[in-house]
Each structure stands twice: as C-alpha cells, then as structure tokens.
Amino acid sequence: MKLNEAIERGKTAHWQSAQVRVRPGNPNEWFVMLHDTHHKSYILADNDDRPIAAEEINQLVEFIRVIGLKEFTVFL
C-alpha cells in the first residue's frame, strides 16, 4: 500500500490495526503491516512502491500516526 493512498484511506477510518514486524530479508530492519476493516493485510510502501523499512522502530511511528492510527503491535 503506497503511503499517499494509506494516508487518504486513514482519513476515513479505513485501518483497523498496524503491526511492526522484523523484515524477513534483513533481521536488523522493521516494516509496517496494515490491516483494514475488511481484515485484508497490506505492507506500507513509499510512493515508488518499495516497502518502507527502518532499523529503528521509532522511525516508523510517525508513518503510523500519519495514516490515522494511534496504536500498533510489535512482533519480534
């Protein structure tokens, strides 16, 4: 899910939850998985459709806030 689209959908309370998970290809990075109100899952991506990943979870918090969520779950 591209970031701009995720932000727009977030304005209508489209997102049910967010999860921060360890990136499978690099255990030193984290990524965001979104779940919509229809229980469909999406990986948060930049506007070039590349998954957004970061070495620090705190770097992903602002993305989660921008899309309209106030809570997220972390999976180790």
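Good morning. I shall begin with valine 32, which touches Ala18, Gln19, Val20, Tyr42, Ile43, Leu44, Ile52, Leu60 and Ile64, leaving aside residues up to four places away in sequence. Please keep in mind that we are looking at a predicted model.

Valine 32 also has a place in the largest nonpolar core, which has 18 residues. Which residues have the most contacts inside that core? They are Trp15, Val32, Leu34 and Ile67. As for the elements involved, at least two residues of this core come from each of α1 (3-10), β1, β2 (26-36) and α2 (58-66).

Let us turn to the aromatic rings. A pair of such rings is described by the distance of the centres and the angle of the planes. How many aromatic pairs does the count give here? The count comes to one. Its partners are tryptophan 15 and tyrosine 42, arranged edge-to-face, with 5.6 Å from centre to centre and 80 degrees between the planes. Tryptophan 15 belongs to strand β1 (residues 15-23) and tyrosine 42 to strand β3 (residues 41-43), so the pair ties together parts that lie 27 residues apart in sequence. Are these two residues buried or exposed? Tryptophan 15 counts as buried because its relative accessibility is 7%. Tyrosine 42, at 17% relative accessibility, counts as buried too, because the limit is under 20%.

Glutamate 29 is located in strand β2. Its relative accessibility is 15%, and therefore glutamate 29 counts as buried. With which side chain does the side chain of glutamate 29 make a polar contact? The partner is the side chain of arginine 23, at 2.4 Å. Setting aside residues up to four places away in sequence, glutamate 29 touches Arg21, Val22, Arg23, Ala53, Ala54 and Glu55.

Finally, I come to leucine 76, found in the segment after β5 (73-75). Why does leucine 76 count as exposed? The reason is its relative accessibility of 90%, since exposed means over 50%. Even so, leucine 76 touches Val22 and Trp30, again not counting residues up to four places away in sequence. The C-alpha atom of leucine 76 is separated by 8.6 Å from that of valine 20, and these two residues are 56 residues apart along the chain.

Thank you for your attention.

Definitions and conventions. Residues are numbered from 1 along each chain as its sequence is written. This is a predicted model: local features need pLDDT of at least 70, side-chain atom pairs count only at pLDDT 80 or more; totals for chains, interfaces and linings use all residues. Side-chain values use heavy atoms; hydrogens and water are left out. Helices (H or I, at least four residues) and strands (E, at least two) are DSSP runs, numbered from the N terminus. Buried means under 20% relative accessible area, exposed over 50%, partly exposed in between (1.4 Å probe, protein chains only). Contact means heavy atoms within 4.5 Å. Rings of Phe, Tyr and Trp (its six-membered ring) pair if their centres lie within 6.5 Å; planes under 30 degrees apart count as stacked, over 60 as edge-to-face and the rest as tilted. A nonpolar core is a set of buried Ala, Val, Leu, Ile, Met, Phe, Trp, Tyr and Cys residues joined through side-chain atoms within 4.5 Å. A polar contact is a pair of N or O atoms within 3.5 Å; within protein, one must be able to donate a hydrogen and the other to accept it, and residues adjacent in sequence count only if both atoms are side-chain atoms.
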